[in-house]
Amino acid sequence: MSGRILPEIMRRHLQMYLVVGSVNCLAEPSRVVQEALAGGTTMIQFREKGRSALTGVPMLELARQLQDLCHYAGIPFIVNDDVELALELNADGVHIGQDDESADSVRARIGNRILGVSAHTIEEARRAILHGADYLGVGPIYPTISKDDAHAVQGPAILYEMRKAGIDLPIVGIGGITIDRVEEVVVAGADGVAVISAVTQAEQIRAAAEGLKKKVVLSIKHPGMSQKL
Ligand SMILES: Cc1ncc(COP(=O)(O)OP(=O)(O)O)c(N)n1
Ligand SMILES: Cc1nc(C(=O)O)sc1CCOP(=O)(O)O
Ligand SMILES: [Mg+2]
């Protein structure tokens, strides 16, 4: 990448952001990602975390497989937490939280790659922006089954509050987001939705991703209309 990603391009990548690891998938992870990409997923985060998470060579092989799929689909491949892994893979970016390495230090290591930072408060959001974040992950908006150590549920109100406080960096909402909740999340101020279970646990993965993406786009263009779908 020749320079930092432009906010308007970042916003488009955030529309239907799939966060995925082998632990979350009912089907084979590469199949899940293939189907999700076919359904119009706009960015993927590799998050290999949890009790039965892969490590070592199998983890690396899976990461490479998913990265290749993203490459062919022309969408960014982001690594959760592990800056070393992101650099080794030459990934498009990294997502870090408040308990991970500090954002300014990660920015210095990854150059112009995409940097996503989790923020739960306006103060955390402001600090992340100062430290070079390209987007904020804000949640959990609703109760989630996919993260054991999630913070307290914030509701869409946190998105309104951040926008009202003048935070204009691209934001993705995360945590318990289902198709029925998309419009509320977008209307509250998010540029898109980051999901695990709504896609990885779906019987029809492609249709699930497609439905979420369509609803995000419709909610951005015509707030209020998507309820009629
Ligand atoms: C898009 C997005 N938003 C938030 C998170 C959560 O990051 P973090 O708080 O570091 O928790 P872990 O995912 O590392 O358990 C995320 N991964 N992605
Ligand atoms: C990875 C993650 N981070 C969260 C946060 O609040 O920061 S919630 C979450 C899990 C999202 O999974 P699902 O879509 O299945 O609820
Ligand atoms: Mg983290």
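**Ligand 2**

I began with the shell around ligand 2, which divides into nine nonpolar, nine polar and one charged residue. I counted Ala, Val, Leu, Ile, Met, Phe, Trp, Tyr, Cys and Pro as nonpolar, Asp, Glu, Lys and Arg as charged, and the others, Gly among them, as polar. That shell holds 19 residues, and the closest are Gly139, Thr144, Ser146, Ile196 and Ser197. A residue belongs to a shell if its C-beta atom, placed from the backbone, lies within 6 Å of the molecule.

**Model and confidence**

I am reading a predicted model, where local features need pLDDT of at least 70, side-chain atom pairs count only at pLDDT 80 or more, and totals for chains, interfaces and linings use all residues. Residues are numbered from 1 along each chain as its sequence is written, while chains are lettered from A and ligands numbered from 1 in the order in which they are written.

I looked up the confidence next. The mean pLDDT of the protein chain is 96, and 98% of its residues reach 70 or more. pLDDT is the predictor's confidence in each residue, from 0 to 100. Confidence is lowest in H10, at a mean of 97, and highest in E7, at 99. The model scores ipTM 0.99 and pTM 0.97. I keep one caution: where pLDDT is low, the predicted coordinates should not be read in detail.

**Ligand 1**

Ligand 1 is also surrounded by 19 residues, and Gly97, Ser118, Gly137, Ile174 and Ala194 are the closest. Its shell has six nonpolar, eight polar and five charged residues. Strand E1 (16-20), strand E4 (93-96), strand E5 (114-118) and strand E7 (171-174) each supply at least two residues.

**Overall build**

I noted 10 helices and eight strands in the protein chain. Helices (H or I, at least four residues) and strands (E, at least two) are DSSP runs, numbered from the N terminus. The C-alpha atoms fill a box of roughly 45 × 40 × 35 Å, taken along the principal axes.

I compared the radius of gyration with the globule rule. A compact globule of 229 residues would have a value near 17 Å, and the protein chain has 16 Å, which agrees. The radius is taken over C-alpha atoms, and the rule is 2.2 Å times the number of residues to the power 0.38.

Of contacts with a separation of 6 or more, 63% join residues 24 or more positions apart. Two residues are in contact if their C-beta atoms, placed from the backbone, lie within 7 Å.

**Burial and core**

Buried residues make up 47% of the 229 residues in the protein chain. A residue is buried if 20 or more other C-beta atoms lie within 10 Å of its own, exposed if 12 or fewer, and partly exposed in between, with C-beta atoms placed from the backbone.

The largest nonpolar core has 63 residues, and Ile44, Val193 and Val195 have the most contacts inside it. Such a core is a set of buried Ala, Val, Leu, Ile, Met, Phe, Trp, Tyr and Cys residues joined through C-beta atoms within 7 Å. I followed Val195. Leaving aside neighbours within four places in sequence, Val195 is in contact with Leu18, Val19, Ile177 and Leu212.

I then took helix H2 (residues 29-38). Pro29, Val32, Val33, Glu35, Ala36 and Leu37 are buried there. Their cover includes E1, strand E2 (43-46), helix H3 (56-73), helix H9 (197-200) and H10. Gly40 follows H2 and has a positive phi, near 100°.

I found a cis peptide bond between Gly139 and Pro140, with omega about -5°. Pro140 sits in the loop between strand E6 (135-138) and helix H7 (157-164).

Asp81 is not a glycine, yet its phi is positive, about 70°. Asp81 lies in the loop between strand E3 (77-80) and helix H4 (83-89). Asp81 counts as buried because it has 20 C-beta neighbours inside 10 Å.

Asn90 is not a glycine either, and its phi is positive at about 55°. I located Asn90 in the loop between H4 and E4. Asn90 counts as exposed because it has 9 C-beta neighbours inside 10 Å.

Met225 lies in the segment after helix H10 (205-221). With 12 C-beta neighbours inside 10 Å, Met225 counts as exposed. Met225 and Val83 are 40 Å apart, C-alpha to C-alpha.
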